[in-house]
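Please look over the sequence and the structure, then read on.

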Amino acid sequence: MISRFYWLLMIIIFLLILIGGVYIYVVIFRGTIPIELPKTSYTEFNDLNPTSFAYDSLLKIAYITDLKGEIKKYFVDEYNLKHIDSIGKYGNDRGQFREPCDIEVDKNNFIYVLDSYLSKLVKMDSNGKVIWEIGKFGNQETNFANPVGIGLDKIGAIYIADTKNNRITKYDLDGNFLMLFGKYGKEPSQFDEPVDISVDSKGFIYVLDKNNNRVQVFDNNANFISYNNYSIDVTKLHKIYIDEKDLIYLVSRDEIYIVNKDKILERISPFFEKTKFKIMSVFRWSDKLYILYKNDKNIGGIKIIQIKF
């Protein structure tokens with residue numbers, strides 16, 4: 001009796017497993033219920049001490065600023081990156097860098113490199129030829145004081161987070177001064193060390209106002225719209241990035257917050273050993289988020305993850 005019950009139970013279990021397997025094969029893998037397993041990839045570069053990066057989607061090239069004064073170029077093939085060239089070099093002269101801290105690429109493949117130490121902005125072509133160079137340390141209209149962040153809009157303007165001057169400066173893509181706004185303070189349109197800036201597809205300007213613990217939003221005429229801190233300690237953030245879908249990425253040394261204009265959508269902790277890695281910057285292409293980081297030995301790398309938004 002026990003033997004018959006045992007075998008009957010085994011047959012039932014086998015049939016349940018078989019039915020479950022058929023269900024998984026027919027329903028899931030035939031696409032009725034699509035399931036995507038997230039894929040990740042790491043690439044480390046022993047000669048890289050990175051600060052920021054930008055992606056040229058037309059040429060499929062990632063530009064990474066390096067504390068050695070170079071801008072390194074990598075060809076991006078989804079989960080693979082290959083170093084193809086370096087432009088710029090360490091120094092104080094035209095087209096040289098001491099502390100390149102941020103970089104942007106426009107739709108015509110020109111790159112814009114901000115140097116915090118030299119307080120200057122440099123426009124170059126993709127081969128490293130200098131088109132123009134503006135700025136020097138100071139507090140006059142066309143001076144900068146250790147700026148650390150830049151952002152491009154869709155209609156041909158570049159914004160500089162002039163950090164120690166506590167203001168935002170706007171230029172056209174030919175290097176002509178357009179306007180500046182802001183001063184030190186805690187009121188709307190005032191700043192206490194703005195450390196980064198990004199512009200969405202509608203032209204709204206998002207400023208990471210670090211020591212005031214907020215992100216301020218302006219229209220393209222510098223009119224104040226709103227501010228928010230998303231219940232995050234903004235003083236720990238150092239980068240803000242807006243993707244093609246107008247999703248906002250707020251970056252600290254060990255976490256990335258994906259937000260919209262109202263709330264947090266997702267928090268990403270890309271490294272298990274948080275104290276050994278510092279996230280430097282991010283960019284998104286398609287369904288992949290490219291995370292630039294350096295480890296506790298100042299060796300740079302990129303982690304690539306799939307995201308659902």
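A salt bridge is a side-chain nitrogen of Lys or Arg within 4 Å of a carboxyl oxygen of Asp or Glu. The structure shown is a predicted model.

## Salt bridges across the sequence

Across the whole structure, 16 salt bridges are found. In one of them, Lys154 pairs with Glu244, and their closest N and O atoms are 3.4 Å apart. Lys154 belongs to the loop between β12 and β13 (157-162), while Glu244 sits in the loop between β20 and β21 (248-252), so this pair ties together parts that are 90 residues apart in sequence. Lys154 is partly exposed, at 48% relative accessible area, and Glu244 is exposed, at 64%.

Another salt bridge joins Glu78 and Lys288, with 3.9 Å between the closest N and O atoms. Because Glu78 lies in the loop between β4 (71-77) and β5 (80-87) and Lys288 in strand β25 (residues 288-295), the pair links parts that are 210 residues apart in sequence. Glu78 has a relative accessible area of 46% and is partly exposed. Lys288, in contrast, is buried, with a value of 8%.

## Further charged contacts

Lys288 also meets the side chain of Asp287 in a salt bridge, at 3.0 Å from N to O. Asp287 counts as partly exposed, with 24% relative accessibility. Elsewhere, a network of salt bridges links Asp47, Glu70 and Lys72.

## The largest pocket

How much space lies in the largest pocket? The volume is about 920 Å³. The lining of this pocket consists of 43 residues, and those closest to the centre are Tyr55, Glu104, Val105, Lys154 and Glu244.

Several strands contribute to the lining of the largest pocket. β2 (50-56), β8 (100-105), β12 (149-152), β16 (194-199), β20 and β24 (277-285) each supply at least two residues. Sorted by class, the lining has 18 nonpolar, ten polar and 15 charged residues.

## The second largest pocket

The second largest pocket holds about 330 Å³ of space. Its lining is made up of Thr51, Leu67, Glu99, Cys101, Val148, Val195, Lys210, His238, Lys239, Lys278, Met280 and Lys294. By class, five of the lining residues are nonpolar, two are polar and five are charged.

Which strands each supply at least two residues of this lining? They are β20 and β24. Both strands also supply at least two residues each to the lining of the largest pocket.

## A four-stranded sheet

Strand β20 is also part of an open sheet of four strands, which run in the order β20-β21-β22-β23 with antiparallel pairing. At the edges are β20 (237-242) and β23 (264-268), each of which pairs on one side only. From one strand to the next, the twist averages 20°. Strands of a sheet pair through backbone hydrogen bonds, either parallel or antiparallel.

Within this sheet, β22 (residues 256-259) and β23 are joined by four bridges in the antiparallel sense. Ile258 has Glu266, in β23, as its bridge partner.

Methods:
Residues numbered from 1 in each chain as written. Predicted model: local features only at pLDDT ≥ 70, side-chain atom pairs only at ≥ 80, totals over all residues. Heavy atoms only, no water. Pairing = 2+ DSSP bridges. Axes fitted to C-alpha atoms, helices over the stretch in contact; angles between N-to-C directions. 1 Å grid on protein atoms, 1.4 Å probe; cavity = no way out; pocket = protein on both sides within 12 Å on 5 of 7 lines; lining within 4 Å. Points joined across faces, edges and corners; volume = space filled by probe spheres on them. Nonpolar A, V, L, I, M, F, W, Y, C, P; charged D, E, K, R; others polar. Buried < 20%, exposed > 50% of the residue type's maximum accessible area, 1.4 Å probe, protein only.
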